[in-house]
Amino acid sequence: MEMPRHDPDQLLEAIRKEDRRKSFGKLKIFFGYAAGTGKTFAMLQAAHQACRRGVDVVAGYIEPHARPQTAALMSGLEQIAVKKVSYQNMTLSEFDIDQALRRRPQLILVDELAHTNAPGSRHMKRHQDVQELLKAGIDVYTTVNVQHIESLNDMVASITGIQVQERIPDSVFDQADHVELVDIEPAELLERMEAGNIYRKEQAERAALHFFTNENLTALREIALRRCADRVNLRMETARLQSRKEYHTDEHILVCLSSSPSNAKIIRTAARMAQAFRSGFTALFVESTAADAMGADDRNRLRSNIRLAGQLGACVETVYGEDIAQQIAEFATLSGVSKIVIGRSAATRNRLFGKPALTDQLIACAPHIDIHVIPDSNAGMKSCRCTKKFTMTPHLLHDMSRSILALAICTVIGYVFFSMGFSEANIVAVYILGVLVISIVTTSRFCGAAASLVSVLVFVFFFTEPRFTFRFSDPNYIVTFAIMFLVALLTDSLASRLKNNARQSARAAYRTKILFETNQLLQKETREQAIADATAGQLVKLLNRDIVVYLADKNELKRGTIYRCAQSEKKNLVSENEKAVAFWVFRNNKHAGATTDTLSNACCLYLAIRIDQHVDGVVGIAMDETPLDCFENSIVLSILGECALALENIKNAREKEEAAVQAENERLRADLLRMISHDLRTPLTAISGNADNLLSSYRKMDETMREQTFSDIYDDSIWLIDLVENLLAITRIGEGKVQMSRCVHVMDEIVAEAVQHESRRCRHHTIRQAVSQDLLLVDADARLIIQVLVNLIENAIKYTPPGSVIEISSRPDPKNHQVVVSVADDGPGIPDEQKEHVFDMFYCNGGKAADSQRSLGLGLSLCRSIVEAHDGTITVADREPQGTVFTFTLPAGEVQLHE
């Protein structure tokens, strides 16, 4: 039996969310269906219970209540002072998030989660303050009513007739760790209100007439209970994912975005459907030329709807084209959408001879997809384009001048044709050609449509009998004029559509070009700062705005780099306030700054350069009164994604390089241990064996055998000392910890000391020093150079037969201001293929460690390190007629005489 397969992407995302939540604070929401159910009272009771358990509890903000029982529970709790904010001649009391973060309790109470903060606060909404507290690891207790849940706003409004403005995203409610429903019977709640336990008398009377009716409260209670049940189901699905049980869904909801006032309702409905089906949720905006004609109110409404879709968990996408139904159907087919949600106003046909309804078009284009039409209370409202005022602009005047000139040229050509006896059909064709030219060379469709009508009138005036009047004698001209007008109008429409399609194609090509250029530029760079420079350059080119980039350095941000555009206003984009906003974005992995709800007083819009939850830096875009449009925002996010990917690639390459270095170090360590295990065991075994012989057979040995045994012990000990000294020396030099004491020395004296040191240990080789006729001075550390000479002499002794001669000589090199030192022997020599490796660490005897020769291959490597530390070079070559010569150079020294 085949085991059921679960979606690995959903499983991985669930695991990541759970890991992130472990480092966050816990959120508990006391949930009610109306004011007066006892949410704040229950929250304060839970706070006192936590205090008795030893939890550090602080009241961050509690809404002032005139209820004695609630006020009495405030006693005994530490309270954070509220922040006073002046606004429109009023002093408002707000939650002080900065003081709460400094106090940093284990648990904080923050009443009224859906509250809108006063202007000038860090966040626009209180739930954003709570999210920051949670990210700081602080547990939060809070309260909210059902009418403040975003997706339920329209449903509650249809019941109560009141549109609530303060709302929270559904994700805040669904992702809460605990939700406690504070329930009470509607009849009991009405009794409490009549007794004055909820509102004052005047407020209670108004509430009883409008909101607090038994029918309303019962319906709201049902919605609250159902919403809690939906949340329980959602958490069960999450638990099923984490337990790796079968999870499958074939649903994918697509909602269409527009600037319609009722589009928010459609978005909320689609969000509830996506939640109910546990499905994917996508919001699609089709940008056409009609979007360019939007007024300021419609643009703001569109941005608000896009933001709402994002808050409700939708993935917002934008496509470009004139045929809206075709674009929606094509996107839905490619994305695997199963249900499309649209409003009723978009589904109806407004004109007798107009296009089919959008629903009919969608069914024709994508018959396999379900279409859900949501009732639209504003369906009867006129489109903004119909009520748009006609204004005379310089561009329109220019287009009208071109249109008049084109019609005048057509009239002249027509008059020539008329004089030459051409038929009227040819003249009509000239005017149709003129309308086509006008449609191409002008930017306003008004000119093309007007030219279609004016061309008919001009034709009637100049070329029909009686001429130079708007009367005509032949009734057949009516058909001619009608056909001429329709053909001209159709020509104008087709030309305008082709021009608009070309414009849309150009925008799409421009986006592709920008992204392709960005990708190529970033692939070339190998440094983080170069990637930041390339990214900022592309953003300046795209937006024509100043850009500031902060790259991440572990848990901090590096100094910001400003990139100015040609028309820069030279604002200070790296002030302390701007840096604080950038750091907030870096720490919270959310956008903030200008045109957002968080820290909106900043000069820049700050966006994170991120991959998932890892932030590699922050980009600030200098903003004016106009926010980024959908096209710009889409490209900016794509560019930042490319930048984050490039930075991540550099990080991965660096980690790979470090891993390779670490692997090489591990290999060298393994080689060292392997060689030491042999080379240390052999002399230690010999020493212990000789010592054992002396202890057990000392009296039986003659004097010669005793001296030989003592000599063997001494030789093995010296070898071990030299081995350890070489190991320590090469380790110190490799780590750069050797402090050289360089001064001027006589080279012959250094050689003589090294020869004397080795002569005591060399019985079967002859060591000669060729004394230079000149006084050779070197600038070196004599102790280290003696070590080099000792290692070279020992290497010659080790690899030459007994009786060989080792000669050490020195000579000046005035051209390079150096002294050249050579150590030569008359042994068998070194094969050419081994010469390039003799200075490598752990290389010995052709790359093999022989049992007959004790060697770790460190001596010559140490020689090279010491010589190079003295700014010299060391080489190996053949000696004529036989043997090997090692040559190294040292900087020549000078003696300064002080008279």
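Analyst: Two strands pair if DSSP finds at least two bridges between them. Strands (E, at least two residues) and helices (H or I, at least four) are DSSP runs, numbered from the N terminus. The model discussed here is predicted: local features need pLDDT of at least 70 and side-chain atom pairs count only at pLDDT 80 or more, while totals for chains, interfaces and linings use all residues. Residues are numbered from 1 along each chain as its sequence is written, and side-chain values use heavy atoms, with hydrogens and water left out.

User: In what sense do strand 23 and strand 24 pair, and over how many bridges?

Analyst: Strand 23 (residues 805-813) and strand 24 (residues 818-825) are antiparallel partners, joined over eight bridges. Within this pairing, Pro812 faces Val819 of strand 24.

User: What is the strand order of the open sheet with mixed pairing, and which strands form its edges?

Analyst: The five strands follow the order 21-23-24-26-25. At the edges are strand 21 (766-770) and strand 25 (874-878), each pairing on one side only. Ignoring direction, neighbouring strands are turned by 20° against each other on average. Helix 25 (residues 747-759) packs on this sheet, in contact (heavy atoms within 4.5 Å) with strands 21, 23, 24 and 26 (884-891), and its direction makes about 170° with that of strand 21. Helix 26 (residues 782-798) also touches strands 21, 23, 24 and 26, at about 175° to strand 26. Such angles run from 0 to 180 degrees between N-to-C directions, the axes being lines fitted to C-alpha atoms, for helices over the stretch in contact.

User: Which strands make up the open sheet with parallel pairing?

Analyst: Its five strands are arranged as 11-10-9-12-13. Strand 11 and strand 13 (370-374) have a single partner strand each, so one side of each lacks a neighbour in the sheet. From one strand to the next, the twist averages 25°. Strand 12 and strand 13 are parallel over five bridges, and Lys339 has Asp370 in strand 13 as its bridge partner. Helix 11 (residues 263-277) packs on the sheet against strands 9, 10, 12 and 13, its direction making about 180° with that of strand 9. Helix 14 lies across strands 9, 10, 11 and 12, at about 150° to strand 10.

User: Which residues touch the most other members of the largest nonpolar core?

Analyst: In soluble globular proteins, nonpolar side chains tend to be buried together. A nonpolar core is a set of buried Ala, Val, Leu, Ile, Met, Phe, Trp, Tyr and Cys residues joined through side-chain atoms within 4.5 Å. The largest has 42 residues, of which Phe31, Tyr33, Ile108, Leu133 and Phe212 touch the most other members. Helix 10 (residues 214-242) supplies the largest share, five residues. A second, separate core of 38 residues includes Ala780 and Ile866.

User: Is Val172 buried or exposed?

Analyst: Val172, in helix 7 (residues 170-174), counts as buried because its relative accessibility is 7%. Beyond four places in sequence, Val172 touches Leu27, Ile29, Leu113, His127 and Gln131.

Notes:
Buried < 20%, exposed > 50% of the residue type's maximum accessible area, 1.4 Å probe, protein only.
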